[in-house]
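Dear colleague,

Please find below the structure that I am handing over to you. My findings follow it, and I would be grateful if you read them with the coordinates open.

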Amino acid sequence: MTFEQARPIVEARLYAYAVLRLEYPDAPAASLSGIGVQLSDPTSRQERWAVQHAREIQDAVVIERVLASLPPEERRLVEMRYFEFARWGYVCKQLAVSRATAYRIRDRALMAFAYEFGLVACSRV
């Protein structure tokens, strides 16, 4: 898969992560990573929820790991654009960069996510 094909998938996962964090702000993804899909009690509401959201939980663990490894400028762009739903004009102003530069920063950051999700073979643009 090329990066151009992977980019919308990565963006969708980042937006889904933002929604998950809005719904469950106190749930650290790292603590959720131990939740498996094996059910001891299939009628348990919590276990049904964990199975239903297993993919989002796995994605959250990857996202938090990659975020921690990103340079500050890339991390801030991801936070503003995908978690705070900021428009490109605002992102550019806050980072004091042109739109073209912001897109390059975005692509570097999203490539790191795409690599960690196993969508592409190369880790940088």
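**Findings: L77 and its surroundings**

Leaving aside residues up to four places away in sequence, L77 touches Y82, W88, V91, L95, A102, I105 and R106. L77 itself belongs to helix α5. Its relative accessibility is 0%, so L77 counts as buried, the limit being under 20%.

**The contact of α5 with α7**

L77 is also one of the residues through which α5 meets α7. How do the axes of these two helices, α5 (residues 72–83) and α7 (residues 99–116), cross? They come within 9 Å of each other, and the crossing angle is roughly 95°. Angles of 65 to 115 degrees count as roughly perpendicular, and α5 is therefore roughly perpendicular to α7. On the α5 side the contact is made by E73, E74, L77, V78 and Y82. On the α7 side A102, I105, R106, R108, A109, L110 and F113 take part. By class, the residues of this contact comprise 8 nonpolar and 4 charged, with no polar ones.

**Helix α7**

Helix α7 has 18 residues and reaches 26 Å from its first C-alpha to its last, close to the 26 Å expected at 1.5 Å a residue. Its buried residues are A102, I105, R106, D107, A109, L110, M111, A112, F113 and A114. These buried residues pack against α1, α4, α5 and α6. Just after α7, G118 adopts a positive phi of about 80°.

R13 is located in helix α1 (residues 3–23). Is R13 buried or exposed? With a relative accessibility of 14%, R13 counts as buried, because the limit is under 20%. Residues up to four places away in sequence again being left out, R13 touches R55, D59, I63 and F117.

Helix α4 covers residues 54–69, which is 16 residues. From its first C-alpha to its last α4 reaches 23 Å, close to the 22 Å expected at 1.5 Å a residue. The residues buried in α4 are A54, I57, D59, A60, V62, I63, V66 and L67. Among them, D59 and I63 are also touched by R13.

**Two loop residues with positive phi**

Most residues other than glycine have a negative phi. F85, which is not a glycine, has a positive phi of about 55°. F85 is found in the loop between α5 and α6, and at 44% relative accessibility it counts as partly exposed. A96, likewise a residue other than glycine, has a positive phi near 55°. A96 is placed in the loop between α6 and α7, and its relative accessible area of 70% makes it exposed.

**The protein as a whole**

The protein has 7 helices and 0 strands, and from the N terminus on its elements run α-α-α-α-α-α-α. Of its 125 residues, 39% count as buried. Among contacts between residues at least 6 apart in sequence, 59% join residues at least 24 apart.

**Confidence of the prediction**

The mean pLDDT of the protein is 84, and 83% of the residues score at least 70. Where is confidence lowest, and where is it highest? It is lowest in helix α2 (residues 29–32), with a mean of 52, and highest in helix α6 (residues 88–95), at 97. Over residues 32–37 the pLDDT is below 50. Beyond near neighbours in sequence, the stretch of residues 32–37 has 8 contacts in the model.

Yours sincerely

Conventions:
Residues are numbered from 1 along each chain as its sequence is written. This is a predicted model: local features need pLDDT of at least 70, side-chain atom pairs count only at pLDDT 80 or more; totals for chains, interfaces and linings use all residues. Side-chain values use heavy atoms; hydrogens and water are left out. Axes are lines fitted to C-alpha atoms, for helices over the stretch in contact, and angles run from 0 to 180 degrees between N-to-C directions. Helices (H or I, at least four residues) and strands (E, at least two) are DSSP runs, numbered from the N terminus. Angles under 35 degrees count as roughly parallel, over 145 as roughly antiparallel, 65 to 115 as roughly perpendicular and the rest as oblique. Contact means heavy atoms within 4.5 Å. Ala, Val, Leu, Ile, Met, Phe, Trp, Tyr, Cys and Pro count as nonpolar, Asp, Glu, Lys and Arg as charged, and the others, Gly among them, as polar. Buried means under 20% relative accessible area, exposed over 50%, partly exposed in between (1.4 Å probe, protein chains only). pLDDT is the predictor's confidence in each residue, from 0 to 100. The expected span of a helix is 1.5 Å times one less than its number of residues.
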